[in-house]
Amino acid sequence: MRSFWLLILAWLRGMVRERSTLFWFFAFPVIFVVIFGLVFGRPDVGTYDVGVAVDTSSPAGAALVAALRGVKAFRLSTGSEAEELQKLRGGDRHAVVTLVPAPAASAAPQPGAGTVVVYLDPSRGAAEQIVRPIIQQVVDAVDRQLTVEERSVRSSGLRYIDFFLPGVLGFSLMQSGMFAAMPLVQLRVTRVLKRFGATPVSRAAVLVSQGVARLVLAVAQTVVLLTVGRLVFGVHVGTSWPAMIVFVPLGSAVFLALGFAISGLARTEEATPALVQAASFPMMFLSGVFWPVENFPTVIQPLARVLPVTFLADGLRQAMVGGFALYPQWLNLLALAGWGAAGLLLAVRLFKWE
């Protein structure tokens, strides 16, 4: 048992001494978070999502919706008032616009008279200050007999950086696990793994110790990213700490198994990085790491929804910020367990000691 812990310590020392390893584990994900946070972490990024729950069968309603569609700064979504208000509370809308017609008995001078109710989230700061006057101008241009009534609906305050940070964490766990293939191939090519067979240390202990060492760095990596997200961008982390405690080691183990499987496919040290990148790059861009899966083209969504990083990022988002849910948590856990089992079976079948 003592030799097993000495192996873990040796793996950790070797990783820490490699500056490139430290860069990819810690500096690279932090740089990603800082750059994207500075670009997308603000409440106003130039375009605003506005929900519209207006009956277009009336002349005033049709004219109002048409005028709102002409505002280039608005991304319009139509639906029922209840649906759009729910989206506003969830942080997916900057404003919701509804139209309440004037009572039939009203002596309004224009048949289009009524009340435009604008629901705004006061926590959106600058975005609210920009959206409000634009809607007022649109209403005035449509019909000056329409009055505007503002109502406040406070959302959960989720921002793009809240979506992005858990995705980067999932991406980092993927990278650290899959790049474990490189040192294993090096040890196999140099026949170090073969020599372990002549020592009291079992070969299984060699692999398990490598996994434990990677898990230690994954936990440290998680702490660094959460600290940066909290202190620099005010991301509320840890909505569900028990789920975090499950998803971080589970995600690390899943991609470590896939990394071991890749090491069995690689015949030379030079081929290993290419195989790792061939597997990780599609998952990086086609999964829900940096952008919501719902925003992908329809033809890509079925693939994006079954990638292991998608399940990991979704589970981490719900555990960290309590929003942007794509799947139930039980399904995320089940899917990751399935990917882990598949990776482990491939690793056992493909792995070579020499």
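This is a predicted model: local features need pLDDT of at least 70, side-chain atom pairs count only at pLDDT 80 or more; totals for chains, interfaces and linings use all residues.
Helices α6 (residues 160-178) and α10 (residues 241-265) pack against each other at an angle of about 35°. Their axes lie 7 Å apart. The crossing is right-handed. On the α6 side, the contact is made by Leu 169, Leu 173, Met 174, Gly 177 and Met 178. Helix α10 contributes Met 244, Val 248, Phe 255, Leu 256, Gly 259 and Ile 262. Nine of these contact residues are nonpolar and two are polar. None is charged.

Ile 262 belongs to helix α10. Its relative accessible area is 9%, so Ile 262 counts as buried, the limit being under 20%. Beyond its neighbours within four places in sequence, Ile 262 touches Met 178, Ala 181, Leu 275, Val 276 and Ala 279. Leu 184 is 78 residues from Ile 262 in sequence, with a C-alpha to C-alpha distance of 10.0 Å.

The model contains four salt bridges. One of them joins the side chains of Asp 49 and Arg 75, at 2.9 Å from N to O. This pair connects distant parts of the chain, 26 residues apart. Asp 49 sits in strand β1 (residues 48-53) and Arg 75 in strand β2 (residues 74-78). Asp 49 is buried at 17% relative accessibility, whereas Arg 75 is partly exposed at 43%.

Arg 93 and Glu 84 form another salt bridge, with an N to O distance of 2.8 Å. Both of these residues are buried. Glu 149 pairs with Arg 151 in a salt bridge, the closest N and O atoms lying 2.8 Å apart. Glu 149 is partly exposed, at 32% relative accessibility. Arg 151 is also partly exposed, at 35%.

Definitions and conventions
Residues are numbered from 1 along each chain as its sequence is written. Side-chain values use heavy atoms; hydrogens and water are left out. Axes are lines fitted to C-alpha atoms, for helices over the stretch in contact, and angles run from 0 to 180 degrees between N-to-C directions. Helices (H or I, at least four residues) and strands (E, at least two) are DSSP runs, numbered from the N terminus. A crossing is left-handed if the near helix is turned anticlockwise from the far one by less than a right angle, and right-handed if clockwise. Contact means heavy atoms within 4.5 Å. Ala, Val, Leu, Ile, Met, Phe, Trp, Tyr, Cys and Pro count as nonpolar, Asp, Glu, Lys and Arg as charged, and the others, Gly among them, as polar. Buried means under 20% relative accessible area, exposed over 50%, partly exposed in between (1.4 Å probe, protein chains only).
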